[in-house]
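This report walks through one structure, part by part. The sequence and the model come first, and the notes follow.

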Amino acid sequence: MTEKPDTKALIEVLSHANHVVVSTGAGISAESGIPTFRGKEGLWKKYRAEELATPTAFAQNPNLVWEFYEWRRGIIAEKEPNPGHKVLARWENIFPAYSLITQNIDGFHQKAGSKNVLELHGNIWKLRCTEEGTITENHETPLKKSPPLCPDCGALLRPHVVWFGESLSPTVLQKAFQLSSECNVIFVVGTSAFVQPAASLPLAAAEAGAKIVEINPDPTPLTPYADFSFREKAGQILPLIDEELKKTLRTKKE
Ligand code: OAD
């Protein structure tokens, strides 16, 4: 039998934390059955990002890019958030201040009940007009017309996601760094910590005095900087931390 991970020291820190930030990546949705990008079965092992997730790819072959995104929308539509997403949603009501930042575009945090989610890389359920920049929500799988066209001006619609070679929204990015530099604890869950600028958030937090908690079955470039490292699956360790935290908070109240 594997030993239960020791969460005691972390719970002590969490029980005094005023502001907790959680930054998630593809690994939080892995247990829901959504493929990650860089693991053995990762999307970028099977598909070439430059052919499917860049502005040039879309300009050259919008049909192929939309085929890829429709395939991903189809997978996501069939799956559900897992216990990890659900704990992160509950934590909105536990800490005095709490912020959830994600690189994911699947919308699972919101589906699990999170109300405040800062999406760094956009959302696969939103479409953006390539001419007017208007953003609309769309959950059709498959789309009635693919590639979809703007109902107002007839231009191509694209997924409202950040592609390679594109910049993140400056407003979203500024907010992410601001929150990270204000928190006492930052959880970094299920990201390979390779993709910038998301990978810099925990370092900015640590520079401002926060503790870094990493949750990932594998070590990452962030691991040497982590104050707490859990080599666990998010859907298993987060409910465990949540359980222990609830017990401690209850005892403190009594
Ligand atoms: P990656 O695929 O690079 O990394 C996923 C991480 O999740 C790996 O470090 C795994 O070890 C870890 N992992 C796998 N299963 C897990 C589990 N059950 N619990 C916890 N961790 C687990 O995904 P990201 O780091 O999110 O960007 O990738 C960052 C960005 O690269 C994505 O947002 C996407 C991609 O290209 C864009 O599309 C712009």
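## The loop at T54

T54 sits in the loop that links helix 3 (49-52) to helix 4 (55-60). The model is predicted, and in it T54 has a relative accessible area of 11%. Buried means under 20%, so T54 is buried.

One of its polar atoms lies 3.3 Å from the backbone oxygen of E50.

## The loop at N104

Where is N104 found? N104 belongs to the loop between strand 2 (97-102) and helix 7 (108-111). With a relative accessible area of 8%, N104 is buried.

N104 can also be placed relative to S29. The two are 75 residues apart in sequence, while their C-alpha atoms are 8.5 Å apart in space.

## The loop between strand 7 and helix 9

A193 lies in the loop between strand 7 and helix 9. Its phi is positive, at about 60°, although A193 is not a glycine. Most residues other than glycine have a negative phi. A193 is buried, and its relative accessible area is 15%.

P197 is found in the loop between strand 7 (185-189) and helix 9 (201-207). The peptide bond joining Q196 and P197 is cis, with an omega of about 5°.

Most peptide bonds are trans. P142 itself lies in the loop between strand 5 (135-137) and strand 6 (157-161).

## The ligand and its shell

How many residues surround the ligand? There are 22, and the closest are F37, R38, T191, S192 and N216. By type, the shell divides into 9 nonpolar, 9 polar and 4 charged residues.

At least three of its residues come from domain 1 (1-33 + 81-121 + 169-254), and at least three come from domain 2 (35-78 + 122-161).

## Polar contacts and cover of the ligand

An N or O atom in the side chain of R38 is 2.7 Å from an oxygen atom of the ligand. For A26 the atom concerned is a backbone N or O, which lies 2.8 Å from a ligand oxygen. W44 places a polar side-chain atom 2.9 Å from an oxygen atom of the ligand.

How much of the ligand does the protein cover? On its own the ligand has 800 Å² of accessible area, and the protein covers 90% of that.

## The protein as a whole

The protein has 10 helices and 9 strands. Its radius of gyration is 19 Å, close to the 18 Å that the globule rule gives for 254 residues, so the protein is as compact as a globular protein of that length.

Along the principal axes, the C-alpha trace spans about 60 × 40 × 30 Å. Of the 254 residues in the protein, 47% are buried. T54, N104 and A193 are among these buried residues.

Terms used:
Residues numbered from 1 in each chain as written. Predicted model: local features only at pLDDT ≥ 70, side-chain atom pairs only at ≥ 80, totals over all residues. Heavy atoms only, no water. Near = heavy atom within 4 Å. Polar contact = N/O pair within 3.5 Å; in protein donor to acceptor, adjacent residues only side chain to side chain. Areas by Shrake-Rupley, 256 points an atom, 1.4 Å probe, with all protein chains shown as cover. Nonpolar A, V, L, I, M, F, W, Y, C, P; charged D, E, K, R; others polar. Domains from an automatic or database assignment. Helix = DSSP H or I, 4+ residues; strand = E, 2+ residues; numbered from the N terminus. Rg over C-alpha atoms; globule rule 2.2 N^0.38 Å. Buried < 20%, exposed > 50% of the residue type's maximum accessible area, 1.4 Å probe, protein only.
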